[in-house]
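Please look over the sequence and the structure shown here.

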Amino acid sequence: MAKVSLRIVRKSRHRAVLSEYKKNVTTYLVRAGNLVLNTAKTSIQSGNKSGVMRPSGTRSSAAGEPPQADTGYLAQNIVLAIDSDGMGVGVESRAEYSVFLEFGTSKMAARPFMFPALEQNKKKIRRIANEMIKANVNT
């Protein structure tokens, strides 16, 4: 009589699933961060400012408006910073004077550009988060 043997080995997929999940999270976080980054940069580089007319013929920003671009340094120094594990992103303005523009000083009213960019994109970011959750539930 012939002998039949069967061995079933269950291979763990948790590492592959976790890796795929992290990749998806990073992708969606970068999308959300880029929305805020692009909105902040655009608010500085475009739009009609209603402040004082300068000798150069450009108009400065008024209190409460995003700053007027002069040299482009401020917009060029807004960057997307991705956490080392890919599970978080931040939009940072690395220009030394950013904090003074965003929050104002004792001698100058605020010209916010970062917080309004986040506020403007909240609904889109929520939509992106929901897309990520739905995509990963089906993984």
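Leaving aside residues up to four places away in sequence, Gln 45 touches Ala 69 and Ala 75; contact here means heavy atoms within 4.5 Å. This is a predicted model, in which local features need pLDDT of at least 70 and side-chain atom pairs count only at pLDDT 80 or more, while totals for chains, interfaces and linings use all residues. Residues are numbered from 1 along each chain as its sequence is written, and side-chain values use heavy atoms, with hydrogens and water left out.

Gln 45 belongs to helix H1. Helices (H or I, at least four residues) and strands (E, at least two) are DSSP runs, numbered from the N terminus. With a relative accessible area of 55%, Gln 45 is exposed; the term exposed stands for over 50%, buried for under 20%, and partly exposed for values in between, using a 1.4 Å probe and protein chains only.

Is Ser 43 buried or exposed? Its relative accessibility is 19%, so Ser 43 counts as buried. Ser 43 is also part of helix H1, which covers residues 14-45. Again without residues up to four places away in sequence, Ser 43 touches Lys 49, Pro 66, Pro 67 and Phe 113.

Helix H2 covers residues 73-76 and contains Gln 76. Gln 76 has a relative accessible area of 57% and is therefore exposed. From Gln 76 to Glu 92 the distance is 11 Å, C-alpha to C-alpha, and the two are 16 residues apart in sequence.

Next come the strands. S1 (residues 78-82) and S2 (residues 89-93) run antiparallel and are joined by five bridges; two strands pair if DSSP finds at least two bridges between them. Opposite Ala 81 stands Gly 90 in S2, and opposite Ile 82 stands Val 89 in S2. The two strands form a hairpin with six residues between them, and in the turn Gly 86 has a positive phi of about 75°.

The protein as a whole has five helices and two strands. In sequence order they follow the pattern α-α-β-β-α-α-α. The protein is more spread out than a compact globule, because its radius of gyration is 24 Å, well over the 14 Å that the globule rule gives for 139 residues. That radius is taken over C-alpha atoms, and the rule is 2.2 Å times the number of residues to the power 0.38. Along the principal axes, the C-alpha atoms fill a box of roughly 105 × 25 × 25 Å.

Of the 139 residues, 28% count as buried. Among contacts with a separation of 6 or more, 51% come from residues 24 or more positions apart. The accessible surface of the protein is about 9,900 Å², and carbon and sulfur atoms hold 56% of it; such areas come from the Shrake-Rupley method with a 1.4 Å probe, and for residues only the protein chains shown count as cover.
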